[in-house]
Amino acid sequence: MQPVLSFEQAPPISVPYRFFLTAPLFGAAAGLVLVLLGPETLQSRWSPGALAMTHLIVVDFMLQAMCGSLLQFVAVVAGANIWRPRLVAAVVHPLITAGAIFLASAFLLEQQVLFLVAAAVFVTALGLFLTVMAIALLRTPARGMSIHVLRVAVLGLLVTVALGATLALTLGLEEHLQTDWSLLALINVHVAWGLGGWALMLVIGVSFLVVPMFQLTPSYPLWLTRLVPAGLFLLLCLWSLQLVAPGAGAQVWQSGVALVGVLLAGFYAAATLMLQSRRRRRQADPTLLFWRGAMLSLLVFALSWIVFETLPQLGGNLRAPLWLGVLALPGLFLSVITGMLYKIMPFLNWLHLQQQGGTSMTSPNMKQMIPEAAMRGQMRLHFAALALLLAAVLWPALALPAGLAFTASCLWLEWNLIGAARVYARFRDRIRASLAGGAEAPDRA
Amino acid sequence: MPEPRVIDGRGMEPPEPLARALAELATLAPGEELVMLLDCEPLPLYAILDRNGFRYRSERRADGANEVHIQKA
């Protein structure tokens, strides 16, 4: 039998999996909000339904999946030590879940006190998460642009949470609190840091590593790996100046900053698509197709932004921000996350089964962890739901089929991920039984 | 000196290079060398080598590949 090698302190598999298995359920909840509240949800970005859906997707689907991935990624790929990962996950995961429920309820029920509860829960959960992650990322022995970009992304999450908590306080204590900041400027800066400084920055940092590694493409050019994240960070800082310099003059200047930021993001998407077109392996697996769909969504987002800027009669429509939101959230971020989950969970299954003493005889192949047909079927439904959601922005009467398709796609994803977790449990038990029957026990079972 | 064993992991999809390395390490005799050619810096592998009594050195070649030489310590 192959001797058992002991592995570095990778977090227990339950640490990322508890986040991964919760995330799609809240995507399904967001879809149900659209089904239940119907076309009026899509009247404007400020409708209670649209705000609740947005936060169910960004906080519970995206943040949940991104926190779980980061805990694992930083330990395994960057070789950093995470402080007591099981404890951190046991505190952060239920708190984020609860916080998202409070926040979505606050928007739907328009209950001020719920904003305050949500803010307190998020500040506690993400305060712990950010502290642990910042220490790990500052101490990691790993070098390279990806690590620098991940550090900036963690800073982006800190800014987003701080501004989000300020917004929740403003909404929760409306009668008691006077602030010098305009509510709209606060929201603009919160959204930009959340989607640009945290989520997109994380996608960019991870892509510099995983696109060449898993999709067998050439590496991103060195100048691009510096220009895109540094440019994005600089533009976010300039965008934030609207908090301290409001007024009509600033508005023109700010729209210029936003346009350059959107062009930079579109340039990154085009560069990624070009790299993917030069990959060495011809067959396209679901992860590659999800990434491609995500980058196309980002390109269409950038083009739409330019059209909205040049044609104010279109850009001024209340539903224009919803169009952009659908392209950004289900289109860009959920596509990347789903594609990555389909790669990460089989890989973690394999890694942890090896760690338990699995061999090629007792561990399944990476490709057997989630059936290819199930991933492809869910992917088709995801992109169909995306098309329906975009169509529903134009014709709100389509809200019901769009909401149902999106809910079904999230539930199918959940089913596929549960399947992967069950494969892990089945083979872990088999390995334990075979080791218990043999002469040697592994040193870390 | 026996001929080193070589794994050319360039163009392989992860975790295949790591899986092959683990299989070779299991039978690596003292004094024998395993050479890996990779597109990336294999940090998970380094961690496993450190904990299991292997020494290694890696160098970036002119063609951009990472060449990792592994022996039993």
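**View 1. B:Arg5 stands opposite B:Leu34 of strand E2(B).** The model is predicted: local features need pLDDT of at least 70, side-chain atom pairs count only at pLDDT 80 or more, and totals for chains, interfaces and linings use all residues. Residues are numbered from 1 along each chain as its sequence is written, while chains are lettered from A and ligands numbered from 1 in the order in which they are written. Strands E1(B) and E2(B) run parallel and are joined by four bridges. Strands (E, at least two residues) and helices (H or I, at least four) are DSSP runs, numbered from the N terminus.

**View 2. Four strands of chain B form an open sheet.** The strand order is E1-E2-E4-E3, and the pairing is mixed; two strands pair if DSSP finds at least two bridges between them. At the edges stand E1 and E3 of chain B, each of which pairs on one side only. From one strand to the next, the twist averages 15°.

**View 3. Helix H1(B) has buried residues at B:Pro17, B:Leu18, B:Ala21 and B:Leu25.** A residue is buried if 20 or more other C-beta atoms, placed from the backbone, lie within 10 Å of its own. Seen down the axis of H1(B), these residues fall within an arc of 95°, so they line one face of the helix; the arc is that of the directions from the helix axis to the C-beta atoms. Their cover includes strands E1 (5-8), E2 (33-38) and E3 (54-60), together with H2, of chain B.

**View 4. Chain B touches chain A through 16 residues, which are in contact with 20 residues of chain A.** Two residues are in contact if their C-beta atoms, placed from the backbone, lie within 7 Å. On the chain B side, helices H1 (16-25) and H2 (43-51) are the elements that give two or more residues. The largest share, five residues, comes from H2(B). By class, this side has eleven nonpolar, two polar and three charged residues. Ala, Val, Leu, Ile, Met, Phe, Trp, Tyr, Cys and Pro count as nonpolar, Asp, Glu, Lys and Arg as charged, and the others, Gly among them, as polar.

**View 5. Helices H11 (residues 320-355) and H12 (residues 372-394) of chain A pack at an angle of about 170°.** Their axes, lines fitted to C-alpha atoms over the stretch in contact, lie 9 Å apart. H11(A) and H12(A) are therefore roughly antiparallel, a term for angles over 145 degrees, taken between N-to-C directions on a scale from 0 to 180 degrees. Residues making the contact include A:Trp323 and A:Tyr342 of H11(A) and A:His382 and A:Leu389 of H12(A). This contact has eleven nonpolar, three polar and no charged residues.

Key:
Buried ≥ 20, exposed ≤ 12 C-beta atoms within 10 Å, placed from the backbone. Parallel < 35°, antiparallel > 145°, perpendicular 65-115°, else oblique.
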